[in-house]
Amino acid sequence: MNNKCKDNPTEQQLNNKPPELKDKKGGHKLLTISSNSKYTPPWTTPYIIGIGGPSGSGKTSIASKIVSLINVPWTVLISTDNFYKPLTDAERKKAFNNDYDFDEPDAIDLDLVYKCVCDLRAGKKCEIPVYSFVNHNRISNKKITIYGASVIIIEGLYTLYDPRLLEIMDLKVYVDADLDICLARRLSRDIVSRGRNLNGCIRQWEKFVKPNSVKYVLPTMNNANAIIPSFNDNRIAIKLLVDYITSKLKRKSMEHVQELIRLGKTEKIRSLMDHPMVYILPKTNQTESIQTILLNKRTKLNDFIFYFDRITTILLSRVLDNIPVANYKTIITGSNCEITHCTNIDFNMICGITVIRSGDCFIKSLKMTLPNVPIGKLLIQSDSFTGEPQLHCELLPPNLTQYKKILLMEAQVINGASLIMAVQVLLDNGAKLSNIDVVVYAATETGLRRILNAFNEEIHIYVAIMISEKDLRMGRNSWCLTRFIDTKYFGSE
Amino acid sequence: MSSEPFKNVCLLPQTNQLTGLYTIIRDKNTVRSDFVFYSDRIIRLLVEEGLNHLPVIPKTVATHTGEDFSGVGFKGKICGVSIVRAGESMEQGLRDCCRSVRIGKILIQRDEETAIPKLFYEKLPDDISERYVFLLDPMLATGGSAIIATDVLIKRGVKPERIFFLNLICCKEGIDNYHRAHPDVKIVTGCIDKGLNEQKYLVPGLGDFGDRYYCI
């Protein structure tokens, strides 16, 4: 076996570390445990893997093998091939004559690679350029948009070259191959798949690829934690690597779940029933009756939908009760009386955001209440095994900052993780925390506590029903721990 | 929560939203589509408030997790009675909350010779005496027609304490007149206006509700 690990602590050593420390150079901490610490959303600390090695060594195929074997949703594979710098006309002419040096580090916009990875790491949107080898230019109107990741794999010639990138990588893999083999692979790829001619390929190899490989790429082997053989059977090496990555991810996700639990527990236990930021729909004969109908497992689908729409209409109306007054104006009534100082409300200052799919149960009542409301959607799903939320896509109304009230809707809050992520996404898109109203049908007190703690108790939450920690401790109302609303509402039981 | 400014009068909470909705429907420059939409919003709030006064009985149901839930269930049947024509505008709001609710109609008009309101037509469910009744009329000015309509209901055997009179705007004078005749009927309203002008119209009011909802 030709793979060796260096500078890499063993699993045993890692397990002995205090839980709050991350195994990263530079002492970057994943979680801090000081009492006033804020919640760190999981996607801001993705696991970053770099895969480098000479041209034709098989980096791409090893990267895709790793992606499929670790089998984690939210794995982003970034190829530095997308980041070739756009060429000038003169350079382009050279390129068409196989006379341009694509293989020196300068040909790749490593600054942009670094920026993209940092953005992803910070949970921001990241746009990856698309490079056309036909025109030797970036395709101006085409970009790959990525938002959030659990795992980022960067693959390419100079992945292990830039010290800034090396600094933020959790794992650095070098794919080692004899240059003869690399040449053979390149020839077959360029001639068969890319339709180039033999002479051009050979000239390019001798003039640029080989010298650059020797001068710049081979030395990056020293920066690697693991070196993988590219030839023969490298299945064992890949298996070892994947096992290692999987164990790291499992640990990271455990730490995240721990953090969620901690957020629910830090505060001195004060019931949220009278918390100033939490509005709980008052119990009335009607709300209690509707609640009973919704919880009855024998309730038929059409009744369930009808009564759910009704209770959410009541809830949304309560949310809007506190809508800020745009201004006061003087009006003439239909009976020709003048009234001064009339409350003027601008209902266009509101937008709705649903967390797919349970938030979509609010769409009908929202449309009934505010017919022209713009609606954005976020797809966040909790990993069914770890409970860790993952953001899949964001479809938000443009310019979120213009809205004075953003209603963020989800039918149920159980552990609060997906709503914490959803709020963070809105904040990243420029929304002000004070303008966001979280609207939930049924929530656990613990889940709400986590959301409040994550945002410094500065976020408004409206719920129809809250199940107290006490109830759950006593084993009562455990129905609130399963996601039954959207399942029933959309008839997917 | 709603308040009780006068005995047996239930006033919706005067929130930014509600007062904003009233600004829209009072303004004579509001186009009809908006008038209808925002009136319907208020009507829905009135209906929900009215429904809250209906009694419930304990009811235990099995949840999807198999655990029992001790809740409540609706008790008693209801029906809506609208005073034609403006009161009919409130039927949809009632139906939005109670899908298959029965609705009776009462037509009362001013007798042209005596200028006294007179009952022209009534069509009510046969079993109305067993039901809770939501009497629907958007404006309570002098209370003349509402008093006659309530007389009809009581004559049909409805208990006064089972009648809820839902309106969008009323005034002290109208409340007093109405309660002098029917003290046990609960009035559910969203706004109490200053009073009446010489023509006995609500001031500041919003104009003729029926015209604005159906015609203008």
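Colleague: Which residue is the bridge partner of I106(B) in β6(B)?

Modeller: In this predicted model, I106(B) has E122(B) of β6(B) as its bridge partner. The two strands concerned, β5(B) and β6(B), pair in the antiparallel sense, and six bridges are found between them.

Colleague: And on the β4 side, is the pairing of β4(B) and β5(B) parallel or antiparallel?

Modeller: β4(B) and β5(B) pair in the parallel sense, over six bridges, and within β5(B) the residue that stands opposite V84(B) is L107(B).

Colleague: What sheet do these strands belong to, and in what order do they come?

Modeller: They are part of an open sheet of seven strands in chain B, which runs in the order β1-β11-β9-β7-β4-β5-β6 with mixed pairing. Its edges are β1, residues 9–11, and β6, residues 117–123, each of which pairs on one side only. From one strand to the next, the twist averages 25°.

Colleague: What packs on that sheet?

Modeller: Helix α2(B) packs on the sheet, where it touches β1, β4, β7, β9 and β11 of chain B, and its direction makes about 150° with that of β11(B). There is also helix α4 of chain B, residues 144–155, which lies across β4, β5, β6, β7 and β9 and runs at about 45° to β6(B).

Colleague: Going back to β11(B), how many bridges does it make with β9(B)?

Modeller: Strand β9, residues 163–167, and strand β11, residues 186–189, both of chain B, pair in the parallel sense over four bridges.

Colleague: Which residues make the contact?

Modeller: From α9(A) they are N285(A), Q286(A) and T287(A), and from α2(B) they are E48(B), L51(B) and N52(B). Taken by type, the residues of this contact divide into one nonpolar, four polar and one charged.

Colleague: What ipTM does the predictor give the complex?

Modeller: The predictor gives the complex an ipTM of 0.93, along with a pTM of 0.70. For chain B, the pLDDT averages 93, and 99% of the residues score at least 70.

Colleague: New topic, aromatics: how many aromatic pairs are there over all chains?

Modeller: The count comes to 23 aromatic pairs over all chains. One of the pairs is Y158(A) with Y216(A), whose ring centres are 6.4 Å apart and whose planes stand at 75°, so this pair is edge-to-face. The pair links distant parts of the chain, 58 residues apart, with Y158(A) in the loop between β6 and α5 of chain A and Y216(A) in helix α7 of chain A.

Colleague: What about the phi of N336(A)?

Modeller: N336(A) has a positive phi of about 60° although it is not a glycine; N336(A) is found in the loop between β10 and β11 of chain A.

Note on methods
Residues numbered from 1 in each chain as written. Chains lettered and ligands numbered in written order. Predicted model: local features only at pLDDT ≥ 70, side-chain atom pairs only at ≥ 80, totals over all residues. Heavy atoms only, no water. Contact = heavy atoms within 4.5 Å. Nonpolar A, V, L, I, M, F, W, Y, C, P; charged D, E, K, R; others polar. pLDDT = per-residue confidence, 0-100. Pairing = 2+ DSSP bridges. Axes fitted to C-alpha atoms, helices over the stretch in contact; angles between N-to-C directions. Phe/Tyr/Trp six-rings, centres within 6.5 Å; stacked < 30°, edge-to-face > 60°.
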